[in-house]
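Here is a walk through one chain, taken a piece at a time. Keep the structure open beside the text and look up each residue as you go.

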Amino acid sequence: LPAHVVYCPQHRAWRSTYVAPESKKKQNEVLPKEPSLAEKVLQGPELEALLRVLGADGARCLDAAFTRAAVDEMARCKTALAAKQLRPIFERVRKGSLTGDWVPASQDLKTAGVLDALLAACVRLGNILALRALTRESHARVSREACPHLLSSALLALDAQGSSNSTAAAPSWLVPPPKKPYDPTYLPPVDDDAYDSPLYRALTADSPFGVEHYERDGNLHREAAAVVETSEDFRYTPWALAVAMSADAWKPARWYPDLACCSPGLHVISFALRALAHVSSGPLDDPQSPKRAQQMVADFVSSASSIVTHMRLHEKSPEFMDLPLRAQYMVIENAAVDGNLPRSYLERHLPYAAIHAALMDIAMGHQTAADDAKAPFTPEVFDP
């Protein structure tokens with residue numbers, strides 16, 4: 001995606017951060033052309049129209065294509081994470097992320113080009129997962145609106161000798177469960193689908209990654225089985241993404257408070273982290289897998305908070321001056337919220353006072369230490 005097109009979670013769509021130039025065209029000056037706005041094609045109504053054209057089979061093929069593309073990006077992440085010569089460096093980062101001893105290791109990873117490659121793969125993976133989730137939600141809405149008669153039509157197609165025989169001949173995944181006895185005290189919720197068949201519930205489920213937390217998505221898990229050979233492949237993912245906060249790829253990033261996102265889309269690494277934690281935390285039927293996946297997100301939040309705070313304290317150093325450390329605070333907070341971590345856990349590692357101060361700096365246009373040097377803060381900014 002172009003740098004000005006970013007996924008906005010609160011809008012459930014991609015938005016353009018392009019700002020038209022305010023000054024009029026001067027002589028011999030070529031103004032940039034306004035790019036096509038992403039929100040015109042990458043949001044719910046447009047995807048619903050596309051899925052109406054594709055149909056159920058087309059939607060299934062589209063979802064499979066997104067899944068394969070996501071697994072391809074996971075393989076690129078594995079290339080950056082699972083190299084044997086890099087594991088000692090990641091281990092140094094893991095042990096030193098809370099003490100400041102990660103700086104020499106980050107320099108080694110920068111020299112090897114690992115951090116920028118990992119961030120690029122995670123951004124692509126996060127955008128793919130976001131588009132896959134948005135497409136699934138659109139498919140669910142189209143199914144509810146366009147196929148409310150799906151169960152009756154399927155039973156009529158099987159009906160050759162009468163309704164009782166057709167119901168008996170229908171497979172179990174097509175026939176709805178028997179109705180409950182009349183209970184005057186039972187008030188079904190508005191979205192009660194207790195009488196729908198498993199097939200209909202599967203087609204209309206408005207859950208992007210499965211009903212259980214941490215994206216217990218069987219399709220993604222099965223496709224990624226070829227990539228995840230052992231649990232050690234993605235063991236260092238939290239600390240690798242945490243130390244990647246110091247990578248040069250973050251330097252052009254800026255936080256947009258009105259969109260609650262980061263350009264050029266680096267905030268979607270939280271989606272990539274959750275997906276990598278999901279596929280590498282164990283089999284789907286293991287009740288401990290969601291806890292292991294949540295622990296990976298918690299490790300990222302604690303390590304990233306310590307690393308960014310260290311850089312914030314030394315932000316006037318040449319290697320940290322151009323990094324948008326305030327925006328990185330916002331990314332860490334979003335990762336904790338998306339990972340369903342308790343607010344008390346985030347407060348323990350990244351106090352709200354630091355987040356609020358970062359938002360105030362962003363509101364005044366100070367996202368890096370270089371911005372502070374160009375326009376130092378003075379009390380006069382509050383004068384009318």
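Let's start with H267, which is buried at a relative accessible area of 5%. (Buried means under 20% relative accessible area, exposed means over 50%, and partly exposed is in between, using a 1.4 Å probe and protein chains only.) You'll find H267 in the loop between β4 and α10. Leaving aside residues up to four places away in sequence, H267 touches V6, Y7, P9, W255, C261, C262 and V331; contact here means heavy atoms within 4.5 Å.

Before going further, a word on where this comes from. The model is predicted, so local features need pLDDT of at least 70 and side-chain atom pairs count only at pLDDT 80 or more, while totals for chains, interfaces and linings use all residues. Residues are numbered from 1 along each chain as its sequence is written, and side-chain values use heavy atoms, with hydrogens and water left out.

**The whole chain**

The chain has 15 helices and four strands. Those are DSSP runs numbered from the N terminus, with helices being H or I over at least four residues and strands being E over at least two. Of the 384 residues in the chain, 44% are buried. Among contacts with a separation of 6 or more, 72% are between residues 24 or more positions apart.

**Around S263**

S263 sits in strand β4, residues 261-263. Is S263 buried or exposed? With 10% relative accessibility, S263 counts as buried. Beyond residues up to four places away in sequence, S263 touches A3, V6, T17, P252, A253, R254 and Y256. One of those, V6, is 257 residues away from S263 in sequence, yet their C-alpha atoms are 6.2 Å apart in space. V6 is also on the list of residues that H267 touches.

**Two helix pairs**

Two packed helices are described by the angle between their axes and the distance between the axes. The axes are lines fitted to C-alpha atoms, for helices over the stretch in contact, and the angles run from 0 to 180 degrees between N-to-C directions.

Take α10 (residues 269-280) and α11 (residues 289-313): their axes come within 8 Å and cross at roughly 140°. That makes α10 oblique to α11. (Angles under 35 degrees count as roughly parallel, over 145 as roughly antiparallel, 65 to 115 as roughly perpendicular, and the rest as oblique.) The crossing of α10 and α11 is right-handed. A crossing is right-handed if the near helix is turned clockwise from the far one by less than a right angle, and left-handed if anticlockwise. On the α10 side you'll see L273, R274, A277, H278 and S280, meeting A293, M296, V297 and F300 of α11. Sorted by type, the residues of this contact are six nonpolar, two polar and one charged. (Ala, Val, Leu, Ile, Met, Phe, Trp, Tyr, Cys and Pro count as nonpolar, Asp, Glu, Lys and Arg as charged, and the others, Gly among them, as polar.)

Now for α12 (residues 325-338) and α14 (residues 352-363), which pack at about 130° with axes 9 Å apart. That makes α12 oblique to α14. Their crossing is left-handed. From α12 the contact uses R326, A327, Y329, M330 and E333, and from α14 it uses A354, I355, A358, L359, D361 and I362. Which types are these?

**Charged pairs**

Side chains of opposite charge can pair when their charged atoms come close. How many salt bridges does a search of the whole structure find? It finds 17, a salt bridge being a side-chain nitrogen of Lys or Arg within 4 Å of a carboxyl oxygen of Asp or Glu. Here are a few of them.

| Salt bridge | N to O distance |
|---|---|
| R124 and E73 | 3.0 Å |
| R94 and E91 | 2.5 Å |
| E315 and R312 | 2.8 Å |

R124 lies in α4 (residues 114-146) and E73 in α1 (residues 44-81), so this pair ties together parts 51 residues apart in sequence. R124 is partly exposed at 37% relative accessibility, whereas E73 is buried at 7%.

R94 and E91 are three residues apart in α2 (residues 87-96), so about one helical turn separates them. R94 is partly exposed at 29%, and E91 is buried at 17%.

E315 is buried at 11%, while R312 is partly exposed at 24%. Salt bridges with shared partners join R312, E315, R326 and D361 into one network.
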